[in-house]
Amino acid sequence: YTSVITCSYLSLIRFITTELTRGYFLEHNEAKYTERRERVYTCLRIPKELEKLMTFGFFLCLDAFLYVFTLLPLRVILALLRLLTLPCCGLSGSRLLQPAQVCDVLKGFIMVICYSMMSYVDYAMMYHLIRGQSVIKLYIIYNMLEVADRLFSSFGQDILDALYWTATEPKEKKRAHIGVIPHFFMAVLYVFLHAILIMVQATTLNVAFNSHNKSLLTIMMSNNFVEIKGSVFKKFEKNNLFQMSNSDIKERFTNYILLLIVCLRNMEQFSWNPDHFWVLFPDVVMVIASEVAVDVVKHAFITKFNDISADVYGEYRASLAFDLVSSRQKNAYTDYSDSVSRRMGFIPLPLALLLIRVVTSSVKIQGSLSFMCVLLFYLGMITLKVLNSIVLLGTSCMFVKEANMEEKLFDPPPSAVSSLSLNLPTFRIRFNKKNSAILSDSDTFLTTPDEDDDDKIINADTGLEGDGLKHRAPKKDLLEIDRFTICGNRID
């Protein structure tokens with residue numbers, strides 16, 4: 001019995017000694033630890049790469065937004081002058097106006113009609129009506145407005161594109177539409193309703209800024225962090241992440257304009273006292289900082305969980321740059337502002353309409369000096385637009401050259417056949433050993449496939465894989481993906 005106790009005692013001492021002195025070698029699993037370290041480095045690179053993309057996208061949206069205030073009125077005036085002088089000079093061709101001029105005139109008429117309709121909307125009454133609601137009700141309303149804004153943007157660009165194509169479609173083709181006038185009224189109704197929706201959003205944000213305890217503003221900011229929960233634990237591919245990045249760019253730019261509207265309305269109420277601006281400034285910085293923090297955390301964990309490199313944001317930036325460069329080509333088939341709308345879901349017309357409505361109601365113009373100030377301000381906006389366009393074009397050319405995308409600029413525009421099939425591009429398909437359809441290497445462009453894309457197609461929502469999903473369409477090129485395209489997998 002004593003010997004058993006002694007052996008147990010010695011075994012215990014030996015176990016403790018072994019636990020204190022045993023070692024292990026991490027190099028025996030070098031690949032695993034190297035991968036973990038690279039994931040850490042990727043997460044650390046995400047803020048820098050993401051903000052590069054966000055900054056570039058912000059100036060793209062700014063360029064399209066300034067176009068509505070600066071060059072669009074001048075282009076409309078030139079088109080109307082051409083329309084008025086053609087009877088005197090004689091018709092030189094089959095068209096009274098070029099397709100681009102027709103689209104510009106339609107945009108101008110839409111803005112004028114919608115602005116006259118917006119003049120009957122009482123902003124003060126809307127503000128007091130919203131302010132009288134409870135905090136929880138306003139929180140629910142703001143969430144509903146965000147969802148409605150996305151739905152309006154997705155369907156609104158289709159309405160505008162249908163109007164532009166209906167108005168410029170060659171006459172020799174068989175008529176397959178309801179006419180230009182019904183499409184025009186649909187576009188007017190859409191722009192007006194979308195502008196009203198954004199006005200309610202801005203008013204709700206204004207109420208949150210002016211609340212005494214700031215509880216509503218805090219709740220609205222916390223809603224951004226709920227977005228992390230709904231995004232980071234889902235399966236994302238690179239095309240899906242591209243759509244999310246475009247959506248974040250549009251959302252951030254729209255929030256900046258909403259904050260500008262809130263500041264204008266508050267400064268008007270306090271007779272443009274500069275001291276009141278510094279009262280609003282901390283809240284403005286807090287909203288912007290929370291938006292940036294949410295985007296960084298969301299993208300960092302999405303790339304971590306889906307093994308996506310931080311270099312993918314350079315590809316996204318090159319795709320956006322390609323849109324800008326291609327819109328300057330002679331064979332361009334769309335205006336740049338419209339390509340931004342399709343790519344990011346950012347439609348500048350309703351937002352510009354609301355800003356014009358707020359500025360004209362907040363700033364009173366009286367006397368010749370005021371008109372001179374307005375003229376100087378307009379010339380300053382044109383200067384800003386031109387300088388921004390020049391810098392963007394040069395930067396975009398550099399991005400396109402770095403991505404080896406110059407040859408793609410000279411490709412012909414997509415055919416009518418591809419546009420009838422949900423804008424799907426024409427691909428040569430090859431089959432792997434499991435008979436799943438994938439893109440040919442000669443047809444893939446810019447998109448870098450994942451490691452296992454040749455052997456499986458993964459459902460974006462559940463992560464399931466199997467033979468039942470192999471009938472899905474091949475992965476799209478980044479250049480063919482806009483904000484509301486379903487690219488092979490369901491996008492949330």
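Which residue with a positive phi follows H9? I looked it up in this model, which is a predicted one. The answer is serine 271, with phi near 55 degrees.

**Entry: the whole chain**
I started with the overall picture. The protein chain holds 15 helices and two strands. Of its 492 residues, 45% count as buried. I also checked the contacts between residues at least 6 apart in sequence, and 81% of them join residues at least 24 apart. The accessible surface comes to about 27,200 Å², and carbon and sulfur atoms own 66% of that.

**Entry: helix H9**
Next I went back to H9, which runs over residues 238-269. From first C-alpha to last, H9 reaches 47 Å, close to the 46 Å expected for its 32 residues. Is H9 enclosed or open? I found that 28 of its 32 residues are buried, so H9 is largely enclosed by the rest of the structure.

**Entry: the core**
Then I looked inside. The largest nonpolar core has 110 residues, and Phe65, Ile110 and Phe209 have the most contacts within it. Helix H7 (residues 180-210) gives the most to this core, with 17 residues. I picked isoleucine 110 and checked its neighbours: leaving out residues up to four places away in sequence, it touches Leu160, Leu163, Phe184, Ala187, Val188 and Val191.

Trp272, Val359, Val363, Ile365, Phe371 and Val374 make a nonpolar surface patch of about 520 Å². I followed up on valine 374, which sits in helix H14 (residues 368-402). Valine 374 has a relative accessible area of 39%, so I noted it as partly exposed.

Technical notes: Residues are numbered from 1 along each chain as its sequence is written. This is a predicted model: local features need pLDDT of at least 70, side-chain atom pairs count only at pLDDT 80 or more; totals for chains, interfaces and linings use all residues. Side-chain values use heavy atoms; hydrogens and water are left out. Helices (H or I, at least four residues) and strands (E, at least two) are DSSP runs, numbered from the N terminus. The expected span of a helix is 1.5 Å times one less than its number of residues. Buried means under 20% relative accessible area, exposed over 50%, partly exposed in between (1.4 Å probe, protein chains only). Patches are made of residues with over 30% relative accessible area and no salt bridge: like charges are joined within 9 Å, nonpolar side chains (Val, Leu, Ile, Met, Phe, Trp, Tyr) within 5 Å. Accessible areas come from the Shrake-Rupley method with a 1.4 Å probe; for residues, only the protein chains shown count as cover. A salt bridge is a side-chain nitrogen of Lys or Arg within 4 Å of a carboxyl oxygen of Asp or Glu. A nonpolar core is a set of buried Ala, Val, Leu, Ile, Met, Phe, Trp, Tyr and Cys residues joined through side-chain atoms within 4.5 Å. Contact means heavy atoms within 4.5 Å.
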